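Trainee: I would like to go through this model with you. Could we begin with the terms and then turn to the chains?

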Amino acid sequence: MNQNIDLLTLRSVSKSYGTVPVLHDIDLSIRDGEFLTVLGPSGSGKTTVLRLIGGLEPLTAGEIRLDGQDISRMPINKRPFNTVFQDYALFPHMTVSGNVGYGLSVRHIKRKEIASRVSQALELVQLGRFAERFPAQLSGGQRQRVALARALICQPRLILLDEPLAALDLELRRQMQEFLKSIQREIKTTFLFVTHDQEEAIGMADRICVMQAGHIRQLGTPHELYYKPNCEFVARFFGENNLVAGKLGPVQGEQRPIETALGRLVCSICDQPHLKTAPDGVSAFAAFRPEALHLADAKDGANRFSGTITDLAFAGSSTVATIMAGANDAAQRLRLRMPSRIDGSALKSGEMVSLCFAPHEGHLVLA
Amino acid sequence: MSRAGSTHSAEGRLSQLVTVLAFALPVIFVLVPLAIFLVYSFFGVDQGTIVYAPTLSNYVRFFTDPIFLPVFWNTIVLCVSVAVICILLAYPAAYFLTTLKGRWRYALLMLLLVPLLMSYVIKIYAIRSILGLNGFLNKALVALGILDQPSTLFVFNMNAILLTLSLLLIPFAILPIFLSLERIPQTLLRASDDLGASSLQTFLRITLPLSLPGVASAASFVFVLAIGDFLTPQMVGGISGFTFGRILYSQFGTAYNWPFGAALSVALAIVVICAILVGERFGRSRGTSV
């Protein structure tokens with residue numbers, strides 16, 4: 001188990017259904033033992049990636065390598081991967097232990113060993129008491145855990161999870177997220193988790209692969225994706241963000257200004273060489289998170305502009321203000337998030353305020 | 001407002017009428033005739049006229065006369081055999097249908113069901129000419145060198161009835177099996193593959209058990225239709241192919257003994273009801289299925 005070793009590599013993988021392309025030239029490396037989340041809106045091709053790896057569908061072009069060996073043509077039942085399906089796909093005519101032991105019994109493993117491994121797996125997912133129930137007698141969360149136990153009992157190299165939490169309600173989903181993460185830590189198996197829910201992705205993943213329209217847009221840790229999105233799509237899709245369009249100015253060390261409708265905004269370009277090398281005058285966006293935006297006071301110099309509060313929304317621990325900033329003909333809608341206060345917000349709807357964000361909290365994305 | 005109210009009550013009356021009809025029609029056309037049969041089975045006959053005095057003599061005769069019980073039993077065996085043959089032939093056909101894609105699947109299904117649109121009598125005649133001593137089957141077997149001379153093995157006897165009923169009833173077996181196979185979610189089969197099962201293991205452990213309800217329905221359909229048939233035995237059974245249906249028919253026809261015919265009908269009805277109940281019991285996918 002070494003997180004720096006690639007377990008599985010996709011090389012220029014493409015997939016079309018008939019003449020409709022769904023994946024374009026995907027390159028992706030999955031490291032041994034990591035929790036990798038593939039995140040994207042519906043139709044982005046994320047489930048297709050999983051189905052190709054699992055062997056549920058053939059590739060149109062490219063190759064998939066496991067430990068350096070090409071497994072693109074390996075039949076589904078020979079691949080050392082197991083899938084947790086979106087609708088669980090539990091066998092309705094088998095009990096919980098029948099379902100969980102299925103992968104072992106088709107390999108002709110001795111009954112005794114199957115029984116002991118099934119009870120181990122059921123203990124792991126905390127379903128020991130339910131061994132003799134049928135799937136229809138279980139709740140959604142329990143079925144989910146049966147599906148997980150069934151997938152991990154064969155000790156696969158990789159467990160593929162296809163939006164497994166989509167059918168659960170919010171509270172249960174939170175519990176299952178923690179549960180999945182803790183199981184993954186315990187059995188140290190590589191998880192490939194597909195979801196459209198970015199909160200889910202942030203909460204569980206070691207790395208996230210953001211997909212859109214059949215392309216991988218960015219691959220990185222949740223932190224990297226949040227603070228250094230490499231394109232407009234990721235900046236907008238991943239978490240709430242303020243994007244202001246403009247033209248890049250000349251590089252100033254680790255920062256670079258951008259001329260926008262809100263004036264000159266200076267943003268960090270730390271560790272992002274492509275932003276350093278982009279020529280002056282190129283279209284780009286200044287991006288800053290709602291929590292980075294705050295009311296300006298006298299000592300704030302850079303990235304200062306004024307706006308009118310149009311709406312205030314109390315969201316429990318924080319309060320979100322919607323602000324129209326800049327001149328009327330080029331007004332920008334921005335969001336500002338700040339901690340809520342028991343005596344009410346310091347802001348009032350309709351109020352004109354002066355705002356700013358620190359240069360190191362702003363970033364740039366090329367348009 | 002009042003207009004809306006009146007259309008509402010008219011609609012209400014219509015739906016009441018439909019509800020009443022839905023209950024009344026089966027009662028009038030199914031339950032009442034059955035009840036009349038049951039009542040008649042307790043009457044007697046004296047010189048061609050029915051004696052309306054309750055008696056158990058019909059049932060006593062059925063159980064004591066050495067003719068009826070063996071024929072009754074042979075007929076049940078025959079019809080079980082027909083059901084088994086139909087299932088064995090229909091299952092592969094239905095399975096093959098589900099492997100087809102889109103249009104082809106339903107086009108072929110329609111082709112398999114076309115015989116249902118043809119007249120029963122014409123089909124029996126057609127099969128009879130195939131099975132005859134100089135029929136197509138014998139000629140083909142001789143031509144192929146399998147037989148030296150035409151065989152009487154399937155000419156006007158029990159075997160002929162068996163073959164004919166099987167051929168006639170196969171569509172009734174294909175349909176429920178096809179439907180139950182088609183209802184199996186594809187992801188279950190993919191999950192089985194994914195867990196390392198071979199295609200044969202997936203078939204034996206997932207597809208087959210999940211399609212058994214369809215098989216049970218098919219078997220009870222075919223059995224019930226076969227056991228109630230008197231026309232086929234009459235036309236292809238000759239003298240040796242004597243079935244319970246033919247005895248029953250003769251009681252209402254030539255013998256003109258309606259009360260005894262009714263008693264035999266009741267015996268048959270009990271078997272049919274049992275077959276339907278068994279089919280229903282196993283035909284329901286388990287209460288546990290999702």
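Mentor: A residue is buried if 20 or more other C-beta atoms, placed from the backbone, lie within 10 Å of its own. This is a predicted model, where local features need pLDDT of at least 70 and side-chain atom pairs pLDDT 80 or more, while totals for chains, interfaces and linings use all residues. Residues are numbered from 1 along each chain as its sequence is written, and chains are lettered from A in the order in which they are written.

Trainee: What percentage of chain A counts as buried?

Mentor: Of its 367 residues, 41% do. The C-alpha trace of chain A spans about 75 × 50 × 40 Å along its principal axes.

Trainee: On to the packing: at what angle do α8(B) and α9(B) pack?

Mentor: The angle is about 145 degrees, and the axes are 10 Å apart. Axes are lines fitted to C-alpha atoms over the stretch in contact, and angles run from 0 to 180 degrees between N-to-C directions.

Trainee: Which residues meet there?

Mentor: B:Leu188, B:Leu189, B:Ser192 and B:Asp193 of α8(B) meet B:Thr202, B:Ile206 and B:Thr207 of α9(B).

Terms used:
Buried ≥ 20, exposed ≤ 12 C-beta atoms within 10 Å, placed from the backbone. Helix = DSSP H or I, 4+ residues; strand = E, 2+ residues; numbered from the N terminus. Contact = placed C-beta atoms within 7 Å.
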